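Q: I am new to this structure, and I would like to learn how to read it feature by feature. Could we begin with the confidence of the prediction?

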Amino acid sequence: MHPEQMRPYFTHAESTLNKEAIMSLFDNLDSEHHDDATERCLGFFIQAIADLEKVKFNYMGAEGLKKFLTFLTGLEEVPPLGFSKKIEVKYLKDRTQTLYAETCTMVLKLPTVHTEYSLFKAQFMLACNEGSLGFACA
């Protein structure tokens, strides 16, 4: 095998994050067993990703998605070989308002308590801003 054929697996290639790239990282977004609160939460989540891409949160599109990816995984970009598994979404059915990401186990916990998009968006942005800073800044 020629060394150039293996280059993409071992070297960094610049890639642009977009909504589709982010959404493809998730495993179970289309479950048929969602109740009304979960469906609403999922809609808010998808809208927040779309708004982040459209620069509606004072970010430069891909830069905001990069912050969200960092919150989710601890990484600023998808590794050349991708992640070892897809991110699992769990819906919090209690009064929790905050989004949580378990970067080692690849789990995103979304709160279902929000009844308005603006409230969900505020917590989403908090996660993007504060969660992307990493452990050293906690």
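A: The pLDDT is the predictor's confidence in each residue, from 0 to 100; among the elements of the protein, which are DSSP runs numbered from the N terminus (helices, H or I, of at least four residues; strands, E, of at least two), the lowest mean pLDDT, 70, belongs to helix H1 (residues 3-10), and the highest, 94, to strand E3 (residues 107-111). This is a predicted model, in which local features need pLDDT of at least 70 and side-chain atom pairs count only at pLDDT 80 or more, while totals for chains, interfaces and linings use all residues. Residues are numbered from 1 along each chain as its sequence is written, and side-chain values use heavy atoms, with hydrogens and water left out.

Q: Why is E3 described as largely enclosed?

A: A residue is buried when its relative accessible area is under 20% (1.4 Å probe, protein chains only); four of the five residues of E3 are buried, so the rest of the structure largely encloses this strand.

Q: Which strands pair with E3?

A: Two strands pair if DSSP finds at least two bridges between them. Strand E1 (residues 88-92) runs parallel to E3 and is joined to it by five bridges, with Val89 partnering Leu108. Strand E2 (residues 100-102) pairs with E3 in the antiparallel sense over three bridges, and here Ala101 stands opposite Leu108.

Q: What lies between E2 and E3?

A: Four residues separate the two strands of this hairpin, and Met106 in the turn has a positive phi of about 60°.

Terms used
Buried means under 20% relative accessible area, exposed over 50%, partly exposed in between (1.4 Å probe, protein chains only).
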